[in-house]
Amino acid sequence: MIKSIQGKVFFTLVLFLVCIILFVADIATGPADMGVLKILQIVFHQHGEGNERIIVMGIRIPVALMAIVVGASLSLAGCLLQTILNNPMASPYSLGISSAAGFGAAITIVFSFGLSFVEKDISIALNALLFSLVASGVVYALSSWKQASPEAFILIGIAVLFTFQSLLSAVEYYSSPEDLQGITFWLFGSLSKATYPKIAIIFSMFFVSFCFVMRNAWVLTAIRLGEARAEALGINLKYFRLKIFLVVSILTSVAVCFVGIIGFIGIIAPHISRLIIGEDHRILLPNSAFLGAIILLLSSIVSKVILPGAVFPIGIVTAVAGIPMFLFIILFNRKTRLWH
Amino acid sequence: MALKIQSLCLGYGRKQVLENLDVIFQKGITCLLGRNGAGKSSLLKAIFGLVNVQGEIFHNGKIIDRAFIRDEISYIPQSAQAVSNISVFDVVLLGDVFSLRFMVAEEIKEKAKSILSALGIRHLMHHPVSALSGGEKQIVFLAQALIKNPKVLLLDEPASSLDIYNQIKVMKMLRQLKDLIVIVAAHDLNLSLKFSDEIVLLDNCNVVYQGAPECFDNALIEKIYQVKSHSICENNVRGFLYTDIVDESHD
């Protein structure tokens, strides 16, 4: 763990730089061979042939930007959930938000219901958003109704998770092979349908949430002293927990509905940040957001390199590459205790 | 300066913990004694507004409200468990969490440093609080409680998990605090009698004794705790030695 505040800020700035470098690297990676120089020329001097310009401006930059905003959103959401629920296993996925989005997407694919005047792609996203908000609403309502403890909160989330997972299985059971394929691809998670409006929506949601939680950074740090001590500092924990959960559920729902289920970032990135930065949420929150963006950018690069000429589903890459790294950190870290 | 509690009732479900309790806490250290479940912790929580109660609590004749609790009362809950690797300095700052801005004001920082110096733990400032011993942790939380300059300080068994050296150290630190109503829920009679200005004894949902520590005697211990004891007095220091329980069928 870095002890001095200057060191923590410096490390966060380093992550920001890495993020920019990987952003450029991600744009430079792909089937059409283009060097960094060429890309810079295309972007800044309007050079390059028509096709190359379309590839860079229309595909690669949106995908890379999407990786940043989604990675940052999911990681921030995970970090917040782990703090307010005082549980290292909490993430948008483990509270059922993602699986509800999956169910929403699946029923749109299979039963084609949605708004007739919008594209199917957008209908899927809207329905995924709707269902993930419903799932969050259920968790929120049940938790606030009974003033749930953090453990009960997570168990309610798990109940919602399994409900939507079985509903999803039911839909899959009744769907045709073509639809099943569509569902599977959606569940894999993909950045390839990135467009600037979608990025703008996710980014604005991220920006608002980020500003809000940064204002409450000290309270979040105080919660990590333990529930009894946080209450003894005059924090209304139950109310605050629900308030942050509301932010998290909107943040994740918006990110997940456009890209599908990209697992694990919400768990792995905050843990690594916590390990290096400690519990000062003023720095921990931006740090884990940057780290989430970095991990998703890296995954995006790997997913393009792994199968030449095709894009391997990014959700698989994050999980497969993330898990060994994650286990390594947990198992071989003896100096600082990760969680108390 | 006094904290007056008037006809306070508190129950969890059907179980009544405090019933029509009237008590006045004066400036100085008051030790709150009583058996397990007598309502010591509950009374502290009630004063701090953590549990719903009936009845009124006044400070200097005025009913205390949320704002008063937030600004003027500090509460240190029982046991030092669940402390993470937040630095000692940050833990102390968190004592005034609602005044903290993103960039912490210099005056709050200076205040935290001066409290740490006064309590003799300034050298631990940058250590994570999880790396400290039980005694040091308790002093850190005392520092945390003092940073907002409270008028009332509530401590729930501050010495219970400490060795005798640290027990006396913590109690001596409390003694040094001036112009403060300090209410300590405690189990150790001898420690309480030595360091308190007044004793309040809870039993059967109410106060059964309030008075100077000197008046505390074997008969009271036997009546409330069902324990036989000898009192020892040497060089004006009084203490009790517990020998046996009165009647096991009572327990």
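Visitor: In β4(B), what is the bridge partner of B:Lys4?
Guide: B:Phe58 is the bridge partner of B:Lys4 in β4(B). This is a predicted model, where local features need pLDDT of at least 70, side-chain atom pairs count only at pLDDT 80 or more, and totals for chains, interfaces and linings use all residues. Residues are numbered from 1 along each chain as its sequence is written, chains are lettered from A and ligands numbered from 1 in the order in which they are written, and side-chain values use heavy atoms, with hydrogens and water left out.

Visitor: Do β1 and β4 of chain B run parallel or antiparallel, and over how many bridges?
Guide: Antiparallel, with five bridges between β1 (residues 2-12) and β4 (residues 54-59). Strands here are DSSP runs of E with at least two residues, helices are runs of H or I with at least four, and both are numbered from the N terminus. Two strands pair if DSSP finds at least two bridges between them.

Visitor: And what does β4(B) form with β5(B)?
Guide: A hairpin with two residues between the strands. The pairing with β5 (residues 62-63) is antiparallel over two bridges, and B:His59 has B:Lys62 as its bridge partner. In the turn, B:Asn60 has a positive phi of about 50 degrees.

Visitor: Switching to chain A. How many helices and strands?
Guide: Chain A has 14 helices and zero strands.

Visitor: What radius of gyration does chain A have?
Guide: 20 Å, which agrees with the value near 20 Å for a compact globule of 340 residues. The radius is taken over C-alpha atoms, and the globule rule is 2.2 Å times the number of residues to the power 0.38. The C-alpha box is roughly 65 × 50 × 35 Å along the principal axes.

Visitor: Is A:Ser75 buried or exposed?
Guide: A:Ser75 counts as buried because its relative accessibility is 0%. Buried means under 20% relative accessible area, exposed over 50%, and partly exposed in between, with a 1.4 Å probe and protein chains only.

Visitor: Where is A:Ser75 found?
Guide: In helix α3 (residues 50-84) of chain A.

Visitor: Which elements each supply at least two residues of the lining of the largest cavity?
Guide: α10 (227-232) of chain A, with β6 (73-76) and α5 (134-146) of chain B. Among the lining residues are A:Arg229, B:Tyr75 and B:Phe141.

Terms used
On a 1 Å grid over the protein atoms alone, a cavity is a set of points where a 1.4 Å probe fits but cannot get out, and a pocket is an open set with protein on both sides within 12 Å along at least five of seven lines; lining residues have an atom within 4 Å of a point.
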